[in-house]
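Open the model in your viewer and show it as a cartoon.

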Amino acid sequence: MEEIKKALAEADPFASWWPFIVAGIVFVIGTQHLQCNYLSHFLLTQLLRPQLARSAHGGRIVHVSAHGYTAAKIADRDDPLNLRQPAQSGRDAFAHSKLAIVLGSRALAGKLTAEGCSTTVNCCSPGLVRGTGHLRHSPIMKALFAKVLTFPWMWLFMKSPAQGAHTIVRLVTDPALAGCTGVFFNDCERVEVSELARDDELADRLYRASLSAVGLTEDAARGTVRPKKE
C-alpha cells in the first residue's frame, strides 16, 4: 500500500478477561483492556506513519476513546501503563485504557507537529451507543432481569450506531479540520479534556512506555519508527 490517507483505531471490550502477549510480555487479569483498546492501535498507528506521511495532505489519525477516561487513575508516573499496579477491576482497567488513548494521542500529535509532519492526530468519544455488543461480556448483562430493565432505556437514551459514528466521520472527512490536531471531540465539537489528560509530561512518559511495550524505538530526528534491538 503506497499511501494511506486516514487511519481509524477503535475497540471496546468492557468486561472480558484473558491472558494476552505483546512484544513477548504476558499480560493477565485486567490488562487485556490496555492491549485491545490502546496498545494494539498504538502499534498499528506507528507502523502506518510512513504511509500516512506520503498522503498529499499528510493524512489523519483518529483514535476513539470514551467519556470513561475521566475516571482513570495513574498512581505511579514511572508506570503510566499501570503494568506494576495491583489487579484492577474491569471498569478501572477500561477507564485507564481510554485515558491512555487520550494521552498517547496528545503526545503523538505534539511529536508530529514538532517534526513538521502534517499528519493530524485527534481523539473522540462516540458516546453511549446501543446495538454494538459493547456490553456482551458484562456479567450484569447476562442476567435476564438486567436486560429487561436496561434495553428499553437503551433505545430511549443511547445513540444508534449511525449517530455514534457522526463525530468519527467528521474528523475523517471535514475539510475544516485539516489542520486540527491534538484535540478531543464529542458530539462533533471540540471539548476540553481533564486535567490529567492535559499533562504533557505524563503523556510523553506514557508514549515512551508504549513504544517499549510494543517493541519499538523512535528516531525523533528522522521521524521514523524502528524495531527495538534485542
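**Stop 1: the bend in α1**

Select L47: α1 bends there by about 40°, and a proline, P50, follows within four residues. The bend at a residue is the angle between axes fitted to the seven residues ending there and the seven starting there. Helices here are DSSP runs (H or I, at least four residues), numbered from the N terminus.

This is a predicted model, in which local features need pLDDT of at least 70, side-chain atom pairs count only at pLDDT 80 or more, and totals for chains, interfaces and linings use all residues. Residues are numbered from 1 along each chain as its sequence is written, and side-chain values use heavy atoms, with hydrogens and water left out.

Now check the length of α1. Its 22 residues should span 32 Å at 1.5 Å a residue, and the end C-alpha atoms, 30 Å apart, agree with that. The expected span is 1.5 Å times one less than the number of residues.

**Stop 2: α1 against α2**

Select residues 32–53 (α1) and 90–114 (α2). Their axes lie 7 Å apart, at an angle of about 20°. Axes are lines fitted to C-alpha atoms, for helices over the stretch in contact, and angles run from 0 to 180 degrees between N-to-C directions. The two helices are therefore roughly parallel (angles under 35 degrees).

Show side chains next. On α1, the contact (heavy atoms within 4.5 Å) includes H33, L34, N37 and Y38. On α2, look for F94, I101, L108 and L112, among others. By class, this contact has eight nonpolar, eight polar and two charged residues. Ala, Val, Leu, Ile, Met, Phe, Trp, Tyr, Cys and Pro count as nonpolar, Asp, Glu, Lys and Arg as charged, and the others, Gly among them, as polar.

**Stop 3: α6 across α1**

Y38, L39, F42, Q46 and R49 in α1 meet L206, Y207, S210, L211 and A213 in α6. The residues divide into seven nonpolar, two polar and one charged.

**Stop 4: α6 across α2**

What angle do α2 and α6 make? About 95°, with axes 8 Å apart. So α2 is roughly perpendicular to α6. Pick out L103, R106 and K111 of α2, and D200, L202 and D204 of α6, among the residues in contact. This contact has eight nonpolar, one polar and four charged residues.

Key:
Parallel < 35°, antiparallel > 145°, perpendicular 65-115°, else oblique.
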